[in-house]
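Reader: I would like to learn how to read a strand within its fold, beginning with the overall picture and then turning to a single element.

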Amino acid sequence: MELKRVVVTGLGALTPIGNNLEEYWEGLKSGKSGSAPITYFDTEKFKTKFACELKNFNPLDHFDRKEARKLDRFAQYAMVSADEAIEDSGIDLETVDKYRVGVIWGAGIGGLETFQNEVINFAEGDGTPRFNPFFIPKMIADIAPGNISIKHGFMGANYTTVSACASSANAMIDALNNIRLGYSDVIVSGGSEAAVTIAGMGGFNAMHALSTRNESPETASRPFDSTRDGFVLGEGAGALILEEYEHAKARGAKIYAELLGGGLSSDAYHMTAPHPEGDGVVAVMKNCLKNAGLKPEDVDVINTHGTSTPLGDVAELKAISKVFGDHAKNMNINSTKSMTGHLLGAAGAIEAIASILSMKYSLIPPTINHENIDENIDPELNLTLNKAQEREVKIAMSNTFGFGGHNACVVFKKLDE
């Protein structure tokens with residue numbers, strides 16, 4: 001059977017550098033850092049005292065008080081970004097066939113704050129199991145797409161993919177295949193995360209995964225810099241409306257880009273560390289190119305996973321050089337995590353959006369906070385350091401990798417028409 005084409009017709013973003021799509025792009029192109037001291041809890045005894053929190057986000061601007069209490073922050077973020085994307089797409093919710101509209105979402109952890117608070121409350125009590133009746137439905141990772149579908153009446157495929165930090169890229173690939181095979185006309189896809197919590201910060205600190213640059217949090221996320229010392233935890237959500245091409249054309253939708261393909265692979269190496277030579281990353285980018293019917297020299301820009309960890313950044317750049325050869329020096333390579341921090345399960349979504357906007361505006365957002373050259377990184381690679389660069393982008397790739405060796409890669413094409 002002939003596979004359907006899949007395009008992006010709507011976008012929504014809720015990030016540490018902007019609470020909607022327009023603000024997010026302004027933050028990206030200006031090189032804004034979202035990292036600052038944590039305001040959610042007392043960090044006096046924590047190794048890391050900063051994160052990329054959302055700024056000026058008030059759930060009561062989007063939900064009534066009763067509804068907000070039923071939703072963990074990760075689900076609130078999902079619904080807000082999905083609403084923006086749906087509105088941006090211009091889909092007529094009265095006439096669309098809702099049996100052919102689905103929600104395939106990504107979350108690496110889900111309702112961590114809800115789980116943490118309920119356990120703390122029990123531990124501080126007298127042993128009587130007094131749990132909130134919304135404890136379980138607030139916590140489970142699949143509740144985000146569930147709530148999106150309930151609000152809008154979407155009755156197609158509905159689930160969450162969980163592959164740590166690759167989760168929302170995984171979700172987009174699942175959505176791509178669902179539409180390609182003719183099962184759906186429209187899928188709301190993306191991801192959300194809200195792990196800036198006592199448990200989240202404490203857990204990642206225990207792994208020595210986070211930067212401890214407390215004296216200068218705004219510069220702590222510094223991918224490819226020789227002094228990088230770990231990632232900066234972020235929170236938020238990104239949503240994309242993926243739609244079958246002919247369905248989008250028939251309703252006169254604006255089209256941001258075509259989702260040409262996606263690739264998956266496993267490092268099969270270590271619970272948390274990447275393969276030092278980037279073998280799994282080589283495989284995922286090759287799989288993505290093959291799935292999209294592209295040659296390496298077709299790609300103009302790669303938004304890397306680029307978390308600002310000592311091992312991960314080098315391994316990924318080694319893999320890019322292996323896959324793209326001499327063409328690697330002709331591409332723009334960047335890491336928008338230098339600005340947003342690492343949104344875990346939502347990273348793939350907001351970085352895919354950054355890649356799409358790079359095509360729309362012919363501008364590559366910078367990798368900020370770079371000061372010191374790493375001798376382990378090829379100096380001929382254009383890492384888009386510290387300042388946005390103008391460039392026409394026809395093909396953009398985005399990488400996301402997760403603990404456990406999960407790798408996902410998506411690639412978008414700017415439509416000529």
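Author: We will go from the whole chain to one strand and its partners. Please keep in mind that this is a predicted model.

Reader: How many helices and strands does the protein have, and why does its radius of gyration agree with that of a compact globule?

Author: The secondary structure comprises 13 helices and 14 strands. A compact globule of 417 residues would have a radius of gyration near 22 Å, and the protein has 20 Å, which agrees. Along the principal axes, the C-alpha atoms fill a box of roughly 65 × 55 × 40 Å, and 59% of the 417 residues count as buried.

Reader: How should I think about the two faces of a strand, and which residues of β7 lie on each side?

Author: In a regular strand the side chains alternate between the two faces of the sheet. In β7, one side carries Gly-236, Gly-238, Leu-240, Leu-242 and Glu-244, while the other carries Ala-237, Ala-239, Ile-241 and Glu-243, and all of these are buried.

Reader: Which strands are joined to β7 by bridges, and do they run parallel or antiparallel to it?

Author: Strand β1, residues 6–14, is joined to β7 by 8 bridges and the two run antiparallel; within this pairing, Gly-10 stands opposite Ile-241. Strand β6, residues 186–193, is likewise joined to β7 by 8 bridges in an antiparallel arrangement, with Gly-236 of β7 as the bridge partner of Glu-193.

Note on methods: Residues numbered from 1 in each chain as written. Predicted model: local features only at pLDDT ≥ 70, side-chain atom pairs only at ≥ 80, totals over all residues. Heavy atoms only, no water. Helix = DSSP H or I, 4+ residues; strand = E, 2+ residues; numbered from the N terminus. Rg over C-alpha atoms; globule rule 2.2 N^0.38 Å. Buried < 20%, exposed > 50% of the residue type's maximum accessible area, 1.4 Å probe, protein only. Pairing = 2+ DSSP bridges.
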